[in-house]
Amino acid sequence: MYIKELSLKDFRNYNKLDLKLDAGVNIFKGDNAQGKTNILEAIYLCATARSHRTHKEKEIIRWGNEYAHVMINLQKKYIDDIIDFHLSQKSKAAAINKIPINKLGELFGCINIVMFSPEDLQLVKSSPKERRRFIDIELCQIDRLYYYALKQYHKVLKQRNVALKQYARNRDLSAIDIWDEQLEEYAKEIIKKRSEFIQEINNIAKCIHEDITGGKECLQVVYEPSVNLDDFKYKMLKFREKDILYQTTSVGPHRDDISFFINEMDVKIYGSQGQQRTVVLSMKLAELSIMAKYIGEEPILLLDDVLSELDDKRQKDLFKYTQNIQTLITCTGIEQSVWNTQKIGKLYYVREGNVEEIEK
Ligand SMILES: Nc1ncnc2c1ncn2[C@@H]1O[C@H](COP(=O)(O)OP(=O)(O)OP(=O)(O)O)[C@@H](O)[C@H]1O
Ligand SMILES: [Mg+2]
């Protein structure tokens with residue numbers, strides 16, 4: 001799939017923008033703070049109904065305005081879709097082919113993206129929360145049932161935590177029992193799907209990593225669930241006293257993690273910076289391939305400022321795996337190697353919320 005057109009209205013530092021994109025590589029070049037990442041953020045928003053850098057989406061609305069709007073015209077294998085995303089100070093709303101959708105979750109899977117930004121390079125070292133986010137964003141895009149289970153799980157989790165707090169006053173264990181039962185149903189679904197997905201990521205990332213490192217490193221990606229499928233009930237009861245004391249739920253998928261091993265060494269603890277980067281690159285490329293398999297066509301790749309963070313060889317490896325994928329790249333300058341290896345479709349210059357196509 002590829003984006004044919006992108007329009008922004010009062011989005012971050014854009015007053016109005018209408019862009020026609022190339023089906024191949026699109027490079028957005030410009031100084032810092034000019035609006036390059038804002039373009040990728042707009043696409044991310046249409047794909048996931050949220051921003052990749054803020055939880056308060058109203059921050060996106062251009063200062064002094066009431067509304068922001070993104071429109072994407074998307075060419076898929078058999079059809080084309082128009083996605084509209086509206087933000088107001090109070091709400092978010094979207095439409096697919098001009099028909100408003102009831103739940104923003106319906107956007108998942110309508111446009112499929114893989115985003116790679118400098119923060120992702122910290123994925124191995126960063127908090128478990130970021131690693132869970134990595135799994136969730138991917139799984140939600142390819143599996144609607146997962147999205148639903150995850151949403152319900154977090155809703156029930158919130159209720160259980162309220163019941164834990166109320167226990168101090170009402171001593172009512174039955175309220176906690178009710179939430180435990182529901183939590184189990186959704187938790188099991190999440191654990192099962194995460195487990196299968198990470199197994200798949202592991203199989204693919206392992207081959208890619210071996211290729212990038214010239215056969216020197218054997219990567220293993222391991223799912224570390226906070227609780228297993230068969231001992232959920234047992235663990236919830238075991239930790240209940242502690243949960244009541246701390247008024248929060250201490251086990252469950254919201255505490256899951258992933259570990260990475262290279263030649264059986266824990267990369268989180270012992271990996272060099274270069275090794276951690278290569279692991280993330282292998283993971284991202286595996287993500288692209290899994291998504292393509294599930295949706296039956298290539299997703300869109302968004303590369304925010306990552307090229308300068310990767311050495312020449314790794315940049316080439318990245319492009320080797322992204323043939324025939326619409327790619328949007330932001331950078332402050334263009335690396336010679338990109339010029340050399342890439343057939344650039346379009347090159348844009350971004351300055352103070354204006355985008356100008358330039359001759360190559
Ligand atoms: N709600 C908003 N209204 C108006 N301008 C905004 C808003 N939010 C952010 N900006 C402006 O957008 C610009 C940042 O845009 P963006 O993050 O896309 O920059 P960039 O070109 O990616 O820069 P860098 O190279 O540093 O990553 C800043 O000038 C910031 O002040
Ligand atoms: Mg940026």
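## Ligand shell and helix packing in a predicted model

Helix H1 (residues 36-48) supplies the largest share of the shell around ligand 1, namely 3 residues. Of the 18 residues around ligand 1, the ones that come nearest are Asn13, Asn32, Lys36, Thr37 and Asn38. Sorted by class, the shell around ligand 1 consists of 9 polar, 5 charged and 4 nonpolar residues.

Two packed helices are described by the angle between their axes and by the distance between those axes. The table gives both values for two pairs of helices.

| Helix pair | Angle between axes | Distance between axes |
|---|---|---|
| H3 (residues 144-170) and H4 (residues 173-212) | roughly 150 degrees | within 9 Å |
| H4 and H8 (residues 273-295) | about 125 degrees | 8 Å |

For the pair H3 and H4, the axes cross at roughly 150 degrees, and this makes H3 roughly antiparallel to H4, because angles over 145 degrees count as such. The crossing in which H3 passes H4 is left-handed. By class, the contact of H3 with H4 contains 16 nonpolar residues, together with 4 polar and 3 charged ones.

Helix H4 also packs against H8, at an angle of about 125 degrees, and the two helices are therefore oblique to each other. The crossing of H4 and H8 is right-handed. On the H4 side, the residues that take part are Glu200, Ile201, Ile204, Ala205, Ile208, His209 and Ile212, and these meet Thr278, Val279, Leu281, Ser282, Met283, Leu285, Ala286, Ser289 and Ile290 in H8. By class, the contact of H4 with H8 is made up of 11 nonpolar, 4 polar and 1 charged residues.

Ile208 has its place in helix H4, and it counts as buried because 22 other C-beta atoms lie within 10 Å, where 20 or more are needed. Along the chain, Ile208 and Leu219 are 11 residues apart, and their C-alpha atoms are separated by 9.2 Å.

Definitions and conventions: Residues are numbered from 1 along each chain as its sequence is written. Chains are lettered from A and ligands numbered from 1 in the order in which they are written. This is a predicted model: local features need pLDDT of at least 70, side-chain atom pairs count only at pLDDT 80 or more; totals for chains, interfaces and linings use all residues. Axes are lines fitted to C-alpha atoms, for helices over the stretch in contact, and angles run from 0 to 180 degrees between N-to-C directions. Helices (H or I, at least four residues) and strands (E, at least two) are DSSP runs, numbered from the N terminus. Angles under 35 degrees count as roughly parallel, over 145 as roughly antiparallel, 65 to 115 as roughly perpendicular and the rest as oblique. A crossing is left-handed if the near helix is turned anticlockwise from the far one by less than a right angle, and right-handed if clockwise. Ala, Val, Leu, Ile, Met, Phe, Trp, Tyr, Cys and Pro count as nonpolar, Asp, Glu, Lys and Arg as charged, and the others, Gly among them, as polar. A residue is near a molecule or strand if its C-beta atom, placed from the backbone, lies within 6 Å of it. Two residues are in contact if their C-beta atoms, placed from the backbone, lie within 7 Å. A residue is buried if 20 or more other C-beta atoms lie within 10 Å of its own, exposed if 12 or fewer, and partly exposed in between; C-beta atoms are placed from the backbone.
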